[in-house]
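Subject: Structure handover

Hi,

Here is the model I promised to pass on to you. Please have a look at it first, and then read my notes below.

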Amino acid sequence: MEGMVAKGGNIVDYHGCDFFPERWFDGVFVIRTNNTSLYDRLSARGYTGKKLEDNIQCEIFETLLEEAQSSYKPEIVQELQNNTEDQLHSNINTIVEWIERWKEENI
């Protein structure tokens with residue numbers, strides 16, 4: 001991926017970050033949700049057993065948030081709650097606004 005991200009202006013969507021170099025990112029967004037919503041969403045997608053349990057435990061223990069906070073500068077990591085439709089739209093606006101600011105500063 002090094003060649004693809006070297007020029008900048010990319011969005012990487014992944015469920016982990018500790019193996020991506022810090023130099024690749026200007027912003028990191030960790031999307032969180034409460035366990036009941038997460039359970040319902042994953043069950044609706046057909047997740048069961050260990051896969052469902054692992055995802056719920058990951059959220060309970062804030063695994064991805066802590067991984068992002070320990071892998072990147074604190075000022076680039078943003079935690080966004082995504083429990084409701086309103087929060088979903090707010091998160092989209094937050095990320096789009098961040099991208100627009102980044103473009104103004106970097107392009």
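A word on terms before the notes: a residue is called buried under 20% relative accessible area, exposed over 50%, and partly exposed in between, using a 1.4 Å probe and protein chains only. By that cut-off, both Arg32 and Glu59 are buried, and I will come back to this pair.

Please keep in mind that the model is predicted, with local features needing pLDDT of at least 70 and side-chain atom pairs counting only at pLDDT 80 or more, while totals for chains, interfaces and linings use all residues. Residues are numbered from 1 along each chain as its sequence is written, and side-chain values use heavy atoms, leaving out hydrogens and water.

**Overall fold**

The chain has five helices and two strands, and they follow the order α-β-α-α-α-β-α along the sequence. Helices (H or I, at least four residues) and strands (E, at least two) are DSSP runs numbered from the N terminus. The C-alpha trace spans about 45 × 30 × 25 Å along its principal axes. Of the 107 residues in the chain, 26% are buried. Taking contact as heavy atoms within 4.5 Å, residues 24 or more positions apart account for 62% of the chain's contacts with a separation of 6 or more.

**Salt bridges**

Here a salt bridge is a side-chain nitrogen of Lys or Arg within 4 Å of a carboxyl oxygen of Asp or Glu. The structure holds six of them. One joins the side chains of Arg32 and Glu59, at 2.7 Å from N to O. Arg32 belongs to strand S1 and Glu59 to helix H3, so this pair ties together parts that are 27 residues apart in sequence. Arg32 also meets Glu79 in a salt bridge, at 2.8 Å from N to O. With Glu79 in strand S2 (residues 77-81) and Arg32 in strand S1, that pair ties together parts 47 residues apart in sequence.

How do the partners compare in accessibility? Arg32 is buried, with a relative accessible area of 9%, and Glu59 counts as buried at 13%, whereas Glu79 counts as partly exposed at 40%. Arg32, Glu59, Glu62 and Glu79 are linked in a network of salt bridges. Not counting residues up to four places away in sequence, Glu59 touches Arg32, Thr33, Asn35 and Leu38.

Another salt bridge, between Lys103 and Glu100, has an N to O distance of 3.6 Å. Both residues lie in helix H5, three residues apart, about one turn of the helix. Lys103 is partly exposed at 36%, and Glu100 is partly exposed at 37%.

**Nonpolar core**

A nonpolar core is a set of buried Ala, Val, Leu, Ile, Met, Phe, Trp, Tyr and Cys residues joined through side-chain atoms within 4.5 Å. The largest one has twelve residues, including Trp24, Phe25, Val28, Val30, Leu65 and Val77. S1 and H4 each supply at least two residues of this core.

Val30 is found in strand S1 and counts as buried at 9% relative accessibility. Leaving aside neighbours within four places in sequence, Val30 is in contact with Leu64, Leu65, Ala68, Val77, Gln78, Glu79 and Leu80.

**Largest pocket**

On a 1 Å grid over the protein atoms alone, a pocket is an open set of points where a 1.4 Å probe fits, with protein on both sides within 12 Å along at least five of seven lines; lining residues have an atom within 4 Å of a point. Grid points are joined across faces, edges and corners, and the volume is the space filled by probe spheres set on the points.

The largest pocket has a volume of about 1,600 Å³. Of its 50 lining residues, the closest to the centre are Val12, Asp13, Tyr14, Phe29 and Ile31. The elements giving two or more residues to the lining are S1 (28-32), H2 (35-44), H3 (49-60), H4 (63-71) and H5 (85-106). H5 gives the largest share, eight residues.

By class, the lining has 28 nonpolar, eleven polar and eleven charged residues. Ala, Val, Leu, Ile, Met, Phe, Trp, Tyr, Cys and Pro count as nonpolar, Asp, Glu, Lys and Arg as charged, and the others, Gly among them, as polar.

Best wishes
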